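The following note sets out several points for a colleague who is examining the model. Each point may be checked against the coordinates.

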Amino acid sequence: MPKPKRDRDTILPATADIAAEAARWLAHLKSERRLSPKTLEAYERDLRQCLTFLAEHWGKPVSLKAFAAIEASDVRAFMASRRADDIGGRSLMRALAGLRSFGRFLEREGKGKVGALSAIRAPKISKTLPKPLAVSAARNLTDADIRAGEDRPPWIWARDAAVMALLYGSGLRISEALGLNRRDIPEPGRGDVITVTGKGNKTRMVPVLQGVLEAVQDYIAQCPYPLAPEKPVFVGARGGPLSPRIIQLTMERLRGALGLPDSATPHALRHSFATHLLSRGGDLRAIQELLGHASLSTTQIYTGIDAERLMDVYQSAHPRA
C-alpha cells in the first residue's frame with residue numbers, strides 16, 4: 001500500500017474513531033490542562049508521527065481498537081525509528097509522555113487501556129548544565145549607559161536595560177518579562193514584589209529589587225508612547241508589543257561589545273540569577289519558587305554548576321593540586 005503522507009496538515013493516518021478521540025484529547029489538554037500552544041503542537045505532531053509509523057509498520061490505517069492493543073515491541077520500534085532520524089533523548093521523552101497522556105485519556109473515557117506505553121522505560125537524557133555569566137558581566141548587561149554611542153534613541157537603551165534587569169534581578173523568563181503590564185510593576189519605593197505569569201498560565205509572586213524598579217521607571221519616563229495600565233509595559237520602536245527577538249538581538253550586540261561568549265543569551269541571565277543566589281547560600285526550595293519550576297529536580301541542575309565552580313577553585317587554589 002502507498003505510505004501515508006507525512007504532512008502534518010493532512011488527516012491522521014488512522015480511522016475516524018481514533019482521529020475523533022485525538023481531537024477530544026487535544027481539546028482537553030488545552031481547556032483543562034491549559035498546556036501551551038507549543039506543547040499542544042508538539043504532542044499532536046508526536047501522535048501523528050506514531051500513527052504514521054504504525055500504519056506503515058502494520059500495513060493499514062490505525063484503528064482505536066488496534067492502538068489500544070499496541071504491544072511494547074511496537075512502541076520500541078517507533079522509538080527506534082525516531083532515534084534513527086537523529087531525534088534526541090529529550091524529544092523522545094516528550095513523545096513518550098504525550099503518547100502516555102493520550103493512552104490515559106482513552107482509558108478514562110472507557111476506550112481501552114494502552115498498557116504497553118507504561119511498560120516502556122523513558123529514554124535517558126544528558127543534563128546539559130546552563131552556563132551562567134560572571135556577576136560583573138550580568139551587571140554590565142543591565143546598564144543602559146554601556147550602549148551610549150549607538151545610533152538608537154536613548155529610551156530604547158533604557159528599555160532593553162530594564163528588561164535585562166528583570167531577567168537577572170528577578171530570574172524571569174523573557175516571555176514573563178515582556179508579558180508584564182504597566183500596572184504589574186510598582187514604582188520605586190511603593191512595593192517590592194511583582195506577579196508574573198509563567199508556563200501553563202501559572203502565576204507566582206517574585207521579589208524585585210529597588211534598582212530594577214528604578215531601571216523600569218527610567219524607561220517609562222523616557223518612552224515616547226502612552227503606556228496604559230492594562231497594556232504591556234515594554235513596547236517596540238513603533239509602540240507595538242515588544243518581540244523577544246529584539247532582546248535577543250540586543251544581547252548579540254552586547255556580547256560583541258563586552259567580549260562575552262555565545263552562551264551569553266537572555267536566558268543565561270535567568271540561569272545567572274539562580275546560580276549566584278545558590279553560590280551565596282540561597283535555599284534550593286526558595287530558588288525553585290522564585291524560578292517557577294514545577295519540580296525541584298529542574299532546579300537541582302544548579303547544584304551541578306555550583307559544584308563545578310567549587311572544583312575549579314579547589315584545583316586552582318589547593319597547594320597540592
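**Note on helix packing and selected residues**

1. Overall composition. The structure under review is a predicted model. The protein comprises 15 helices and 2 strands. Of its 321 residues, 41% count as buried. When contacts between residues at least 6 apart in sequence are considered, 63% of them join residues at least 24 apart.

2. Geometry and burial of helix H8. Helix H8 runs through residues 154–170 and has 17 residues. From its first C-alpha to its last it reaches 24 Å, close to the 24 Å expected at 1.5 Å a residue. The helix is mostly covered, with 16 of its 17 residues buried. Gly171 follows H8 and has a positive phi, near 70°.

3. Packing of H8 against H10. The crossing of H8 and H10 is left-handed. On the H8 side, the contact is made by Pro154, Trp155, Ala158, Arg159, Ala162, Ala165, Leu166 and Gly169. On the H10 side, the contributors are Val212, Ala215, Val216, Asp218, Tyr219 and Gln222. Sorted by class, this contact of H8 with H10 has 10 nonpolar, 2 polar and 2 charged residues.

4. Packing of H8 against H12. Helix H12 covers residues 266–279. H8 and H12 pack at an angle of about 30°, and their axes are 6 Å apart. The two helices are therefore roughly parallel to each other, because the angle is under 35 degrees. From H8, the residues involved are Met164, Leu167, Tyr168, Gly169 and Ser170. They meet Pro266, Leu269, Arg270, Ser272, Phe273 and His276 in H12. The residues of the contact of H8 with H12 divide into 6 nonpolar, 4 polar and 1 charged. Gly169 of H8 is listed in the contact with H10 and also in the contact with H12.

5. Ala161 within H8. Is this residue of the helix buried or exposed? Ala161, found in helix H8, is buried because its relative accessible area of 6% is under 20%. Leaving aside neighbours within four places in sequence, Ala161 is in contact with Leu141, Thr142, Asp143 and Ala144. For one of these, Leu141, the C-alpha atom is separated from that of Ala161 by 6.8 Å, with the two residues 20 apart along the chain.

6. Packing of H4 against H5. Helix H4 spans residues 72–84 and helix H5 spans residues 89–108. They pack at an angle of about 145°, with axes 11 Å apart, and the crossing is right-handed. Val75, Phe78, Met79, Arg82 and Arg83 of H4 make the contact with Leu92, Leu96 and Leu99 of H5. In this contact of H4 with H5, the residues divide into 6 nonpolar, no polar and 2 charged.

7. Helix H2 covers residues 37–58 and has 22 residues. At 1.5 Å a residue, H2 should span 32 Å; its end C-alpha atoms are 31 Å apart, which agrees. Just after H2, Gly59 takes a positive phi of about 80°. Arg45 belongs to helix H2 and is partly exposed, with a relative accessible area of 28%. The C-alpha atoms of Arg45 and Gly98 are separated by 9.7 Å, while the residues are 53 apart along the chain.

8. Pro241 in a loop. Where does Pro241 lie? Pro241 is placed in the loop between helix H10 (210–222) and helix H11 (244–258). This residue is exposed because its relative accessible area of 71% is over 50%. The C-alpha atom of Pro241 is 8.3 Å from that of Leu178, a residue 63 places away along the chain.

Conventions: Residues are numbered from 1 along each chain as its sequence is written. This is a predicted model: local features need pLDDT of at least 70, side-chain atom pairs count only at pLDDT 80 or more; totals for chains, interfaces and linings use all residues. Side-chain values use heavy atoms; hydrogens and water are left out. Helices (H or I, at least four residues) and strands (E, at least two) are DSSP runs, numbered from the N terminus. Buried means under 20% relative accessible area, exposed over 50%, partly exposed in between (1.4 Å probe, protein chains only). The expected span of a helix is 1.5 Å times one less than its number of residues. A crossing is left-handed if the near helix is turned anticlockwise from the far one by less than a right angle, and right-handed if clockwise. Contact means heavy atoms within 4.5 Å. Ala, Val, Leu, Ile, Met, Phe, Trp, Tyr, Cys and Pro count as nonpolar, Asp, Glu, Lys and Arg as charged, and the others, Gly among them, as polar. Axes are lines fitted to C-alpha atoms, for helices over the stretch in contact, and angles run from 0 to 180 degrees between N-to-C directions. Angles under 35 degrees count as roughly parallel, over 145 as roughly antiparallel, 65 to 115 as roughly perpendicular and the rest as oblique.
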